[in-house]
Amino acid sequence: MSPRTFPESFVWGAATAAYQIEGAATEGGRGPSIWDTFSRTPGRTFEGHTGDVAADHYHRWREDVALMVELGLDSYRLSISWPRVQPGGTGELNAEGVAFYRELLDALIAEGINPVVTLYHWDLPQELEDAGGWTNRDTAYAFADYARAMARALGDRVEVWTTLNEPWCTAYLGYASGVHAPGRSDPAAALTAAHHLNLAHGLAGAAIRAELGEETNVSITLNLHVTRPADPESSADLEAAHRVNLVGNHVFLGPLLDGSYPVELRELTARITDWSFVLPGDLGLIRQRVDILGVNYYSTNYVRHRRAGETGGGSGGHGAGAASPWVALDDVEFLDPAGPLTAMGWNIEPEGLYELLTALDNAYDGLPLMVTENGAAFEDEVGPDGEVDDPSRVDYLRAHLGAVARAMEDGADVRGYFVWSLLDNFEWAYGYAKRFGIIRVDYDTQQRTPKSSARWYAELVRTGQLPDA
Ligand code: GBH
């Protein structure tokens with residue numbers, strides 16, 4: 001097969017998130033976030049790791065921008081730490097925090113690197129959590145105020161605003177399984193949070209456009225689940241996969257793009273909630289024009305319907321002992337992943353990305369898409385001269401970019417691709433034990449070393465040609 005050529009306009013990028021790389025948790029006037037609280041609570045993260053120092057990007061951002069220049073990136077996807085720019089989540093901005101992002105964005109733009117800015121990548125100001133967090137409707141309004149303030153402060157520097165990163169994780173991992181901050185396990189709270197996140201997106205999109213003009217690009221990034229029935233012949237397993245789609249995907253896609261929550265979703269979850277948190281007018285507020293839908297993709301799920309009398313089964317990667325994030329799906333069993341796995345234990349299925357992109361293109365007729373995260377953790381080994389050769393990561397990226405190229409050939413309007421991640425970083429509950437970077441970070445010295453995947457990616461960015469293996 002000949003190499004595939006991406007269009008000239010295709011955006012090549014890399015992504016990070018504030019809490020995962022910045023460190024400086026108590027510096028520059030930053031307030032505490034739910035991830036500070038969560039990671040400092042014994043037993044919540046691997047060996048008690050926190051983002052206190054992380055990759056020290058707050059102090060080393062100039063060096064990190066220089067690395068992006070070396071890679072030749074068109075774009076950099078970063079997130080703003082809400083508690084760094086507005087410590088309590090409401091009220092006065094912290095000028096020092098705003099200045100940090102202004103300087104960073106200016107440096108990127110000066111190098112011709114376009115910033116894609118996410119306003120919320122999970123680090124809610126702790127004060128808002130103390131008032132109920134995402135279960136409190138007021139949080140959605142606070143988020144819109146924060147979004148408006150950022151549009152005002154940084155608007156001329158940002159081409160695409162992304163409201164939320166993966167509200168699935170915020171709602172279900174934060175409030176149902178509790179493996180993410182704030183660590184609650186309450187299915188009703190998770191569904192309430194999901195709605196308030198949708199509302200927050202809608203209100204924020206409107207606020208950004210009120211501030212910067214109707215034509216301003218607003219996006220949201222979702223981690224949509226590609227779910228397969230264990231037995232494709234079994235109608236019960238097919239129904240199980242369908243329910244995962246409702247609870248995992250359509251709870252967001254429905255209100256964002258169709259203007260409603262599916263009736264089936266409301267029925268499925270009726271034992272948990274009466275959905276009275278959806279107030280008249282909310283669905284109109286949520287359905288704003290989505291200029292680009294961000295898609296984060298890592299892996300697929302296999303599910304089967306638990307037959308009567310059965311209990312137990314695989315943990316499906318939720319973590320042994322943890323509550324399930326999948327509310328209202330007690331009779332859906334997530335199979336333990338099989339086949340080639342990454343260091344996260346996630347299966348490697350590039351075809352899932354092809355299916356996801358083409359399905360979105362078909363369902364939403366030409367909706368512009370952007371792969372805002374894709375990448376993998378592997379057990380990187382450091383060679384005798386400090387070099388890191390990571391052929392598994394190169395294979396992963398090549399295969400997934402092949403899937404993106406095929407989806408584009410079949411008509412999907414995919415505008416760009418962001419590798420997760422630019423740097424090794426704080427992998428949430430896994431702390432520093434898992435490394436997703438194309439650039440290695442030595443956490444003792446904070447030295448950065450581009451891995452062989454970084455050199456491979458730089459060549460791809462330069463040529464726009466995806467080579468065969
Ligand atoms: C992304 O989350 C995050 O945006 C990023 O910050 C993070 O570092 C990166 O990926 C790598 O983890 O519960 O059975 O559905 C991805 C989170 C990973 C959540 C796959 C769902 C499947 C397990 N998703 N996971 S399941």
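Modeller: A search of the whole structure finds 33 salt bridges, a salt bridge being a side-chain nitrogen of Lys or Arg within 4 Å of a carboxyl oxygen of Asp or Glu. Side chains of opposite charge can pair when their charged atoms come close. This is a predicted model, in which local features need pLDDT of at least 70 and side-chain atom pairs count only at pLDDT 80 or more, while totals for chains, interfaces and linings use all residues. Residues are numbered from 1 along each chain as its sequence is written, and side-chain values use heavy atoms, with hydrogens and water left out.

One of the bridges joins aspartate 52 to arginine 40, at 2.9 Å from N to O. Both residues lie in the loop between H2 and helix H3 (57-71), 12 residues apart, and the pair links distant parts of the chain. Helices (H or I, at least four residues) and strands (E, at least two) are DSSP runs, numbered from the N terminus. Aspartate 52 counts as partly exposed at 31% relative accessibility, and arginine 40 is partly exposed with a relative accessible area of 44%. For these labels, buried means under 20% relative accessible area, exposed over 50%, and partly exposed in between (1.4 Å probe, protein chains only).

Another bridge is formed by arginine 209 and aspartate 291, whose closest N and O atoms are 2.6 Å apart. This pair also links distant parts of the chain, 82 residues apart: arginine 209 is in helix H9 (residues 187-212), and aspartate 291 is in the loop between helix H12 (282-286) and strand E8 (292-296). Arginine 209 counts as buried, at 4% relative accessibility. Aspartate 291 counts as buried too, at 13%.

Arginine 289 counts as partly exposed, with 41% relative accessibility.

Elsewhere, salt bridges link Asp380, Asp390, Arg393, Asp424, Arg435 and Lys451 in a network.

The charged end of arginine 84 is over the ring of phenylalanine 100, 5.9 Å from its centre, and arginine 406 lies over the face of tyrosine 354, at 5.0 Å from the ring centre. A charge sits over a ring if NZ of Lys or CZ of Arg is within 6 Å of the ring centre and within 35 degrees of the ring normal.
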